[in-house]
Amino acid sequence: MAKPPKERDRLMIIARAGVLALVLLATADAKAEPMGGLPKAPHGLTSQEAMAAVRFVAKVEGVYFRYEHLRERDASYDAESTMEIVPYGRGEAYVRMRTTWGNHHSCSLYAVFKAETDALLYEGQAPDGRACRMRIMLKDGTFRTSVRDLKTGERLQACTGSCGARGSFDDDDRFALRLRRPIRYMRRLLGSEEYAAAIAHREGRIGEADIRSLDDLRRKEAEAGNPASPSREVPGKLR
């Protein structure tokens, strides 16, 4: 049965209003706060970039191993470098990295990085107290790190974490996406004191100096050939 003209007109107005509302939502400013369960746009990212950052973390999540045969004057030895990336919340990732350099020197860090569309970013204080930024960027299937003084742009050895005399986190490209493997020891990783320290620092419960002193101890243990067990009991201060 056909509807009366007034009823048809009323339904048409409602339908047009609905279409207009959908158009307005679709063309809203990209920098508006995302709704519902979408991640909030961190550190100046638009909502679309924030979603891309979440996808980037999912893309690079895993563990990366790099084995090398190093020569030092008349000696040679096998060296292993490791990078772990684990999603933390939305748009962030826990990163643990240990790289091996000449004469058994190494660099080591564990911290929560912010995600960008094609990189992971950390800002903090260098060992000498300068404000710094470390970026782990993925380009053409290869990760490249950079560490800079935030004020001068000067290259630094490390931002978070620490390095031996011959090591540096700046301009390192030893890890490639093709090396990615799933982390099959996640329970042990999440129970490690390194992870607990990184989260405690992210939440403001410990300072940069606290996490660096722990990192220095672990790096020196590893260089001495006595690496700490990842399942070591988590100290009460970090719980």
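This is a predicted model: local features need pLDDT of at least 70, side-chain atom pairs count only at pLDDT 80 or more; totals for chains, interfaces and linings use all residues.
The torsion about the S-S bond of Cys132 and Cys159 is about 85°, so this disulfide is right-handed. A disulfide here is a pair of cysteine sulfur atoms within 2.5 Å. Cys132 lies in strand β6 and Cys159 in the loop between β7 and β8, so the pair ties together parts 27 residues apart in sequence.

Residues are numbered from 1 along each chain as its sequence is written, and side-chain values use heavy atoms, with hydrogens and water left out.

A search of the whole structure finds 2 disulfides. Cys107 and Cys163 form a right-handed link. Cys107 sits in strand β4 and Cys163 in strand β8 (residues 162-163), so this pair ties together parts 56 residues apart in sequence. Cys107 and Cys163 are buried too. Counting bonded cysteines along the chain, the pattern is 1-4, 2-3.

| Disulfide | S to S distance | S-S torsion |
|---|---|---|
| Cys132 and Cys159 | 2.0 Å | about 85° |
| Cys107 and Cys163 | 2.0 Å | 115° |

Next, the strands. Helices (H or I, at least four residues) and strands (E, at least two) are DSSP runs, numbered from the N terminus. Two strands pair if DSSP finds at least two bridges between them. β4 and β5 run antiparallel, joined by 2 bridges. They form a hairpin with 3 residues between them. β5 also pairs with β6, antiparallel, over 7 bridges. That hairpin has 5 residues between its strands, and Gly129 in the turn has a positive phi of about 95°. Leu121 of β5 is the bridge partner of Lys114, and Leu121 also stands opposite Arg135 in β6. β5 is mostly covered, with 5 of its 7 residues buried.

A nonpolar core is a set of buried Ala, Val, Leu, Ile, Met, Phe, Trp, Tyr and Cys residues joined through side-chain atoms within 4.5 Å. The largest has 33 residues; Phe113, Leu120 and Phe169 touch the most other members. β4 gives the most to this core, 5 residues. A second, separate core of 16 residues includes Val86, Tyr110, Ile183 and Ile199.

Helix α4 (residues 193-202) is mostly covered: 8 of its 10 residues are buried. Among them are Tyr195 and Ile199. Just after α4, Gly204 takes a positive phi of about 80°.

Note on methods. Buried means under 20% relative accessible area, exposed over 50%, partly exposed in between (1.4 Å probe, protein chains only).
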